[in-house]
Amino acid sequence: MDYSEKWGKDVEEATRLALIDLRLTADQVNVIVLEEPTKGFLGLGAKLAKVRVEKKPDTFKAEEKKQEEKIQKSTPSYKPERVERPERSDRSERPEKTAIRKESDRRDNERKPERREKRTDRVRPGGESTMESSFSVREKPADLVELKDHVSETFLNEITDKMGLKLKIKVFGNDSCIYIDMDGKDSGTIIGKRGQTLDAIQYLTSLVVNKDKEKYLRVVVDAENYREKRERTLEQLANRLADKVIKSRKSVRLEPMNPYERKVIHATLQSNPKVTTRSEGDEPYRRVIIELK
């Protein structure tokens, strides 16, 4: 309320009522007399005093300031909370991660030798020194003699009969090896794909021949000179692949071969000045690698 108009029997009383209404003091207001009081005659025609009491401008400012202070006191001050940033976990875990990495590297280093343990042998002249591999079909011992009723002949006759094959079997030997030649219309069947059947029969025959023997005898089973033909084919293959390695400067891996056939590849290329050979893997998947020197 900025002003108040009151009636009173005189100006003082009307002003006092207005101040009470405004809840101000006399120095905070301006008093305007709207009507002067009159006593009348013998009480007749008397009029009350009427005043208008208004707040001074300074009073407004003071009240506004006071109100603002009141509002400020009643309003809680806002202070931004300090956000505590969590410590970077990676810094605290860095030593642990480093330890884990070192442990992982250590395990990898331990595994690497195992991977390198994959059998890889560089072949020197005369390498692949198993008993079978050291025997060359085209270099048969000169002292071979025909053996009659040999245990190998009996064994092979039984096998070929059970297979339904008609083959003539001749056995030659000396004190270190046995050479068996089979011939007949079914010789192609006994050879098999890439000589695999012939190799299997040779392996079984070698077991029979050397059973309970103190001295090991080399056993070669052949049919229609397949071994010699195969040997020539392998030599041609070795030379052709060596040229390929030299031209492309990339290593070549041959298909798995038995010890004798690997020996043929090694022997063929051992004098080649630009390539070298080595064997890799385990039987029966051991194979020859031809690479640049």
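This is a predicted model: local features need pLDDT of at least 70, side-chain atom pairs count only at pLDDT 80 or more; totals for chains, interfaces and linings use all residues.

Biologist: How many helices and strands does the protein chain have?

Modeller: The secondary structure comes to 8 helices and 11 strands. The protein chain has 293 residues, and buried residues make up 32% of them.

Biologist: And what share of the contacts comes from residues 24 or more positions apart?

Modeller: Such pairs account for 61% of the contacts in the protein chain with a separation of 6 or more.

Biologist: Let us turn to α8. How many of its residues are buried?

Modeller: Of the 11 residues of α8, 8 are buried, so the helix is largely enclosed by the rest of the structure. The buried residues are Tyr-260, Glu-261, Arg-262, Val-264, Ile-265, His-266, Thr-268 and Leu-269.

Biologist: What covers them?

Modeller: The cover includes α7 (226–248), β10 and β11 (287–292).

Biologist: Which residue caps the N-terminal end of α8?

Modeller: Asn-258 does, with a side-chain oxygen 3.1 Å from the backbone nitrogen of Tyr-260.

Biologist: What about Asn-272: buried or exposed?

Modeller: Asn-272 is buried, since its relative accessible area is 17% and the cut-off for buried is under 20%. Asn-272 lies in the loop between α8 and β10 (275–280).

Biologist: Which backbone nitrogens does the side chain of Asn-272 reach?

Modeller: It reaches that of Lys-274 at 2.9 Å and that of Val-275 at 3.5 Å. Asn-272 also touches Ala-242, Ile-246 and Lys-293, not counting residues up to four places away in sequence.

Biologist: Changing topic, at what angle do α4 and α6 pack?

Modeller: Helix α4 (residues 151–163) and helix α6 (residues 196–209) pack at about 135°, and their axes are 9 Å apart. The two helices are therefore oblique to each other. Their crossing is right-handed.

Biologist: Which residues make the contact?

Modeller: From α4 they are Val-151, Ser-152, Phe-155 and Leu-156, and from α6 they are Ile-201, Leu-204, Thr-205, Val-208 and Val-209. They divide into 7 nonpolar, 2 polar and no charged.

Biologist: Now the backbone. Where is there a cis peptide bond?

Modeller: A cis peptide bond joins Glu-283 and Pro-284, with omega about 5°. Pro-284 sits in the loop between β10 and β11.

Biologist: Which residues other than glycine have a positive phi?

Modeller: Arg-23 has a positive phi of about 60°, and Arg-249 has a positive phi near 60°.

Biologist: Where are they, and are they buried or exposed?

Modeller: Arg-23 is in the loop between α1 (11–22) and β2 (29–35). Its relative accessible area is 77%, so Arg-23 is exposed. Arg-249 is in the loop between α7 and β9 (252–253), and Arg-249 is exposed as well, with a relative accessible area of 63%.

How values were computed. Residues are numbered from 1 along each chain as its sequence is written. Side-chain values use heavy atoms; hydrogens and water are left out. Axes are lines fitted to C-alpha atoms, for helices over the stretch in contact, and angles run from 0 to 180 degrees between N-to-C directions. Helices (H or I, at least four residues) and strands (E, at least two) are DSSP runs, numbered from the N terminus. Angles under 35 degrees count as roughly parallel, over 145 as roughly antiparallel, 65 to 115 as roughly perpendicular and the rest as oblique. A crossing is left-handed if the near helix is turned anticlockwise from the far one by less than a right angle, and right-handed if clockwise. Contact means heavy atoms within 4.5 Å. Ala, Val, Leu, Ile, Met, Phe, Trp, Tyr, Cys and Pro count as nonpolar, Asp, Glu, Lys and Arg as charged, and the others, Gly among them, as polar. Buried means under 20% relative accessible area, exposed over 50%, partly exposed in between (1.4 Å probe, protein chains only). A polar contact is a pair of N or O atoms within 3.5 Å; within protein, one must be able to donate a hydrogen and the other to accept it, and residues adjacent in sequence count only if both atoms are side-chain atoms.
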